[in-house]
Amino acid sequence: MEANQCPLVVEPSYPDLVINVGEVTLGEENRKKLQKIQRDQEKERVMRAACALLNSGGGVIRMAKKVEHPVEMGLDLEQSLRELIQSSDL
């Protein structure tokens, strides 16, 4: 082997950002049980994090879920996220 081989160095193209939005109730039925103001506050936190990540090149939204095994996120959250990217593919 050659003595002057270059080692491989992995350099990420951008660092992953992680935004923690705290507790969020997941699941359509569970979200329907919330008071409107609480549902809107949770949605607002998720939407702000999503906007920040879209504008910064991507990352991860971390949330403490209030449900152990939700089937879905909740229609209000899904619709709000779809509106952010305004894609006809969704």
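1. Let's start with how far the chain reaches across itself: of the contacts in the protein between residues at least 6 apart in sequence, 74% join residues at least 24 apart. Contact here means heavy atoms within 4.5 Å. Keep in mind that this is a predicted model, where local features need pLDDT of at least 70, side-chain atom pairs count only at pLDDT 80 or more, and totals for chains, interfaces and linings use all residues. Residues are numbered from 1 along each chain as its sequence is written, and side-chain values use heavy atoms, with hydrogens and water left out.

2. The protein has three helices and two strands (DSSP runs numbered from the N terminus: helices are H or I with at least four residues, strands are E with at least two). Of the 90 residues in the protein, 22% are buried (under 20% relative accessible area; exposed is over 50% and partly exposed in between, with a 1.4 Å probe and protein chains only).

3. Now for the helix pair. Helix H2 spans residues 36-56 and helix H3 residues 75-85; their axes come within 10 Å and cross at roughly 30 degrees (axes are lines fitted to C-alpha atoms, for helices over the stretch in contact, and angles run from 0 to 180 degrees between N-to-C directions). H2 and H3 are therefore roughly parallel to each other (angles under 35 degrees; over 145 is roughly antiparallel, 65 to 115 roughly perpendicular and the rest oblique). H2 passes H3 in a right-handed crossing, meaning that the near helix is turned clockwise from the far one by less than a right angle.

4. Which residues of H2 and H3 meet? On the H2 side they are Arg39, Lys43, Val46, Met47, Ala50, Cys51 and Leu54, and on the H3 side Asp76, Leu77, Ser80, Leu81, Leu84 and Ile85. By type, the residues of this contact divide into nine nonpolar, one polar and three charged (Ala, Val, Leu, Ile, Met, Phe, Trp, Tyr, Cys and Pro count as nonpolar, Asp, Glu, Lys and Arg as charged, the others, Gly among them, as polar).

5. Serine 80 is worth a look in H3. Its relative accessibility is 11%, so serine 80 counts as buried. Leaving aside residues up to four places away in sequence, serine 80 touches Lys43 and Met47.

6. Back in H2, find glutamate 42. Is glutamate 42 buried or exposed? Glutamate 42 is buried, at a relative accessible area of 2%. Its side chain makes a polar contact of 2.8 Å with the side chain of arginine 31 (a pair of N or O atoms within 3.5 Å; within protein, one must be able to donate a hydrogen and the other to accept it, and residues adjacent in sequence count only if both atoms are side-chain atoms).

7. Arginine 45 also lies in helix H2, and with 32% relative accessibility it counts as partly exposed. Beyond residues up to four places away in sequence, arginine 45 touches Val21, Gly22, Glu23 and Val24. A polar atom of the arginine 45 side chain lies 2.4 Å from the backbone oxygen of glutamate 23.

8. Last stop: lysine 65, in strand S2 (residues 59-65). Lysine 65 is partly exposed, with a relative accessible area of 45%. Its C-alpha atom is separated by 5.1 Å from that of valine 24, 41 residues apart along the chain.
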